[in-house]
Amino acid sequence: MSFANVTLELLSGFGMTCLLFILTLAFALPLGLIICFGSMTKFKPVRYIVRGFVWIIRGTPLMLQLFVVFYVPGMVFNTPIFAPFGDYGRFVAALIAFVINYACYFSEIYRGGIESISKGQYEAGQVLGMTKGQIFFKIVLKQVIKNIVPPMSNEIITLVKDTSLARVIAVADIIFKAEEILSLKALIWPLFYAGAFYLIFNGLLTLLFRRTEKSLSYFHS
Amino acid sequence: MKKILIALVAVLIIVTASVSLVACNNSKSDYEYIKNKGTLVCGITLYEPMNYADDEGEMTGFDTEFAQAVCEKLGIEAKFQVIKWSSKETELNSKYIDCIWNGFTVTEERKQNLDFSQSYLSNKQCVVTKADAVATYTSAAACAGKRAAAEQGSAGETAANELTTTVTAVAAQMTALTEVKSGNVDFAVVDIVLANQIVGSGDYANLAIATGIDLAGEEYAIGFRKGSDMVEKVNAVIKELLESGKLEEIATKYGLQGQLVK
């Protein structure tokens with residue numbers, strides 16, 4: 001198997017990796033904020049349920065969660081709920097597990113960001129006659145975003161590499177493809193070559209985050 | 001304290017509820033279920049000569065053609081789903097696949113959790129070492145005290161445990177071979193069908209099969225869900241294919257005619 005063939009094969013897997021990464025981010029970022037509100041609400045039952053949920057999701061391995069989402073419906077209720085999606089069933093299951101898992105991690109980052117905003121900021125908003133919603137979206141959230149860029153970038157880079165876990169339910173990501181080449185063609189190097197794809201992708205992300213941080217550091221310019 | 005207790009009780013209730021749900025099985029016949037949807041989904045991993053893609057990207061291989069021939073007789077369509085081999089039983093029980101048809105070795109342990117069709121191919125485990133050390137592996141006794149690797153839960157692991165005391169169980173047969181290549185273990189025990197294909201080629205060129213060591217034989221069969229009535233249906237078709245000589249014809253195409261179980 002030539003270098004070009006291996007590259008093509010890995011690229012098809014990398015497409016899956018990127019899709020899983022981008023869609024997880026697109027759904028988990030807003031969902032994380034909703035979970036964050038739930039874990040900070042003054043209404044106790046909701047707060048306890050949401051915190052319990054975050055505890056379960058952060059306290060168990062993502063690999064197991066992938067198993068639970070994909071296999072348990074078929075085993076418990078005798079209906080493989082992802083079968084109607086055809087070839088995309090596995091991807092959809094992986095996406096759901098990743099979104100839930102990462103939303104929980106993001107929610108804690110949001111919570112840290114929101115709690116770091118001093119009470120004075122809220123009071124200043126009230127003095128100016130702003131509503132609660134205006135205070136949150138126009139004063140608090142903007143400062144939160146600036147504060148959470150470093151921990152977020154950490155988590156997002158971890159997500160890029162975590163997507164390879166989806167192969168436990170046979171989502172054909174780049175590592176899955178590399179393992180397939182290994183068992184079909186007895187070639188080990190494509191596995192390390194796959195590592196280069198992650199490295200380059202994360203390099204680009206790192207640059208992007210650095211630029212974002214810089215453009216947001218309006219107090220230090 | 002009280003809250004923690006309540007939470008624990010809640011978790012317990014959920015767990016028992018789900019276990020009891022698992023226990024009550026659907027009574028509808030497996031054959032009817034498969035016949036109704038019109039497809040038999042075979043759980044596979046890509047490997048030569050069982051299931052693999054040819055140069056045009058079409059699925060081919062002994063098990064592929066065999067499954068297609070059986071399904072044709074049953075009036076259903078064979079579909080092939082690539083799975084993670086370590087999750088094969090979970091895939092089967094959660095109904096994402098209807099059978100495991102991929103050079104699947106019959107073992108007593110597996111018989112407790114799923115039902116097998118009649119055996120169709122005989123297979124052997126073999127010892128693989130580095131090529132420059134293979135001359136020292138002349139008999140089973142030579143393996144004693146050496147470090148071995150084999151796929152977790154495979155027939156190879158059982159054989160390796162009989163040969164030596166230090167056996168590393170790894171995730172896949174290919175990983176066992178990589179263990180040998182990297183020098184972490186002295187030998188690996190894998191399927192001879194796989195070893196013939198891989199050992200001596202590509203990145204595994206410096207490995208060799210120890211031909212002097214004869215390990216116990218084993219047989220390949222198709223794995224179905226426990227209690228499935230597909231077993232008798234498929235067995236009847238296999239018998240038909242054997243009598244008409246069709247199965248031998250497919251086996252000859254992939255050089256497996258000598259291993260066919262008649």
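This is a predicted model: local features need pLDDT of at least 70, side-chain atom pairs count only at pLDDT 80 or more; totals for chains, interfaces and linings use all residues.
**Conventions.** I note that local features need pLDDT of at least 70 and side-chain atom pairs pLDDT 80 or more, while totals for chains, interfaces and linings use all residues. Residues are numbered from 1 along each chain as its sequence is written, chains are lettered from A in the order in which they are written, and side-chain values use heavy atoms, without hydrogens and water.

**Entry 1: helix H10 of chain B.** I took helices (H or I, at least four residues) and strands (E, at least two) as DSSP runs, numbered from the N terminus. I then asked which residues of H10(B), residues 246-253, are buried. They are Leu247(B), Ile250(B) and Ala251(B). These residues lie on the same side of H10(B), because they cover an arc of only 100° around the axis; the arc is taken from the directions from the helix axis to the C-beta atoms. I recalled that an α-helix has 3.6 residues a turn, so residues three or four places apart point the same way. On the face turned away from the buried side I found the exposed residues Glu249(B) and Lys253(B). Buried means under 20% relative accessible area, exposed over 50%, and partly exposed in between, with a 1.4 Å probe and protein chains only.

I next looked up what the buried residues of H10(B) pack against: helix H3 (62-74) and helix H9 (230-244) of chain B. Just after H10(B), Gly255(B) takes a positive phi of about 70°.

**Entry 2: Gln173(B).** This residue is found in helix H7 of chain B. Leaving aside neighbours within four places in sequence, Gln173(B) is in contact with Glu151(B), Val190(B), Asp191(B) and Leu194(B). Contact means heavy atoms within 4.5 Å.

**Entry 3: where chain B meets chain A.** The contact takes 29 residues from chain B and 28 residues from chain A. The two chains bury about 2500 Å² between them, 60% of it on carbon and sulfur atoms; this is the accessible area (1.4 Å probe) lost on being put together, summed over both.

How many salt bridges cross the interface? The rule finds 2, a salt bridge being a side-chain nitrogen of Lys or Arg within 4 Å of a carboxyl oxygen of Asp or Glu. I located one between Glu179(A) and Lys84(B), with the closest N and O atoms 2.7 Å apart.
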